Structure formats: C-alpha cells, structure tokens
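Subject: Structure handover and notes

Dear colleague,

Here is the structure, with my notes after it. Please read them with the model open.

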Amino acid sequence: TNCLNFGSPENPDVMWQFAEAVHGLADGARELSVPVSGGNVSFYNQTGDTPILPTPVVGVLGVIEDVENSIPHALPAGAEEHVLVLLGETFEEFGGSVWQDISGQGLAGLPPQVDLANEARLAEFFGGVEGVSAAHDLSEGGLSQAVFELLLASGLGADLNLEAVHEDAFTALFSESASRVLIAVSRDRVDAALERAAAVGVPAVVVGETSASGKLSFGDQEVAVDELAQAWAATLPQHFGHSVAPNAAV
C-alpha cells in the first residue's frame, strides 16, 4: 500500500514528479510480483509556492511462518561479539543523500540507481539464510548510520574495514547506494552467510567485527557509540529548547 505526498499538481514540475513516482511503483510491483492493495494521494503539500520534496511512502506486509525465526534490525543489549557483513555494492552516489542535504550544497543530481533484480536477489538471500542475528538496511546516512543503529542498544562498538567497502573511506561511510543490507552473524556462521550470498548472486564482504570497546573505529579514527547516541537523541529536544539526559537514547 502507499501514500503519495506531493505539492500542487498544478505545478508542472510536481506533476512530473508524481507521474514518475507512480510509474516507478508500478514497475517495481510488477517486477517483484508484489500486489498493490490500495493507497492514497495527498497533493498541495507546500508552504506558499514551495512544494515539499516528493514523498511517496510505501508499506509492505509479509508473512513469517514462525516469528521465532524473524531477524531483528539491531543487536540486543548484552549481545555477544559478531562479524559484520555488507550485502550489495557501494558506489559514489550522493544525489539526494543526507550528506548532500546537510553539506549546504542543496539537493541535486541523480539519486542512487535502483536495480530491481538486485532487490529480488536480496529477498531470496533472506528467504533461505540461517543464523543472522540482526540485519539493517543501508538507506539514509549510508553505512555510518546503519552501523550505529545496529549497535545502539547493544553496548558494543565495532572495528570497521572501510577499504572492503570502497577505496574511498568517505564513499564507504556515507554513500546511499541501493540494494544494500548490513548483517551481523556469529563467527561460526560467517562462511555460511557468504556462501548463501554467492549462491543467489549477492555481493558480500566482511566489513568488520563488533567489540566490547563501545566505540566505532576505522583507520586512525574512532568515536564512542554513546556520544553518537547522545547527539542522535538530543537533536529535536535541543531544537525546541529542551535538554536530554545522558544515555537517554539507549
């Protein structure tokens, strides 16, 4: 199902955005064999003559035969140490990204390119893999945000090998290339996960290991997960003039 939020359809640019979004959703549903049960459209979302960014929201419902076999998006508190594996390929794709937005350059250029066949292969991977303790999509913020959110409640840190992701560390951390997932597996499950990825045609590389340090480290750089959690939790309260107690995010 979907909720398609746009500015005024009387604006030709907005109407083009809307039409292309509908075409894209139709193509994706057709290629991935996902039925569309319904949805709604919301127009005239704007301030004065300035429309919101095109915002199609999609909800997908699936069935898990045994909920005990579901894969959480983060490691729980007290989790043992894990190996981190990145599924999918990383490219220099920053159009429309969080980094581009906060850099002050303005949103511009092409967004990350989506290959629906890659999405289908990812789905196939998760349909048959065992022993994955946690899995987190790489979307807003790229690998940097995915690692942080995967570790947020666990009390763990991680040592990352960014060269395994991309030769450029900045691209490795902040690219928002599509069809990528970060998974955490125990050491005895690494080979099985890599073999499963190879069998279904999903690129996979080991990008690091969790640690008891409570810090994210890469090269000669490191930052405490608690420090990131505080900044993450304090953004909105500080914006509205409130403070946040230490460790409130966790």
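A salt bridge, as used here, is a side-chain nitrogen of Lys or Arg within 4 Å of a carboxyl oxygen of Asp or Glu. Before the examples, a word on where the values come from. This is a predicted model, in which local features need pLDDT of at least 70 and side-chain atom pairs count only at pLDDT 80 or more, while totals for chains, interfaces and linings use all residues. Residues are numbered from 1 along each chain as its sequence is written, and side-chain values use heavy atoms, with hydrogens and water left out.

Salt bridges

The structure holds three salt bridges. One of them joins Arg30 to Asp27, with the closest N and O atoms 3.4 Å apart. Arg30 and Asp27 are separated by about one helical turn, because they lie three residues apart in helix H1. Helices here are DSSP runs of H or I with at least four residues, strands are runs of E with at least two, and both are numbered from the N terminus. For accessibility, buried means under 20% relative accessible area, exposed means over 50%, and partly exposed is in between (1.4 Å probe, protein chains only). Arg30 is exposed at 60%, and Asp27 is partly exposed at 43%.

Arg187 and Glu209 form another salt bridge, their closest N and O atoms being 3.0 Å apart. This pair links distant parts of the chain, 22 residues apart: Arg187 is in the loop between strand S9 (181–185) and helix H6 (190–200), and Glu209 is in strand S10 (residues 204–211). Arg187 has a relative accessibility of 51% and so counts as exposed. Glu209, at 33%, counts as partly exposed.

Lys215 and Glu222 also meet through their side chains in a salt bridge, at 3.2 Å from N to O. Lys215 is partly exposed, with a relative accessible area of 33%, whereas Glu222 counts as exposed at 52%.

Overall form

The secondary structure comes to seven helices and twelve strands. The C-alpha trace spans about 55 × 50 × 35 Å along its principal axes. The radius of gyration is taken over C-alpha atoms, and the globule rule is 2.2 Å times the number of residues to the power 0.38. For 250 residues a compact globule would come near 18 Å, and the protein, at 20 Å, agrees with that. Of the 250 residues, 34% are buried.

Surface patches

Patches are made of residues with over 30% relative accessible area and no salt bridge; like charges are joined within 9 Å, and nonpolar side chains (Val, Leu, Ile, Met, Phe, Trp, Tyr) within 5 Å. Accessible areas come from the Shrake-Rupley method with a 1.4 Å probe, and for residues only the protein chains shown count as cover. Lys and Arg count as positive, Asp and Glu as negative, and His and the chain ends are not counted. A charge is placed at NZ of Lys, CZ of Arg, CG of Asp or CD of Glu.

A negative patch is formed by Glu80, Glu81, Asp159 and Asp188. Glu80 sits in the loop between strand S5 (55–58) and strand S6 (83–87), and its relative accessibility of 51% makes it exposed.

Leu32, Val34, Val58 and Val60 make a nonpolar patch of about 330 Å². Val60 lies in the loop between S5 and S6 and is exposed, with a relative accessible area of 67%.

Individual residues

Ser179 is found in the loop between helix H5 (169–174) and S9, and is buried at 11%.

Gly7 belongs to the loop between strand S1 (2–5) and helix H1 (12–32). Its relative accessible area is 2%, so Gly7 is buried. Between Gly7 and Gln46 there are 5.4 Å, C-alpha to C-alpha, although the two are 39 residues apart in sequence.

Ala234, in helix H7 (residues 225–239), is buried, with a relative accessible area of 4%.

Regards
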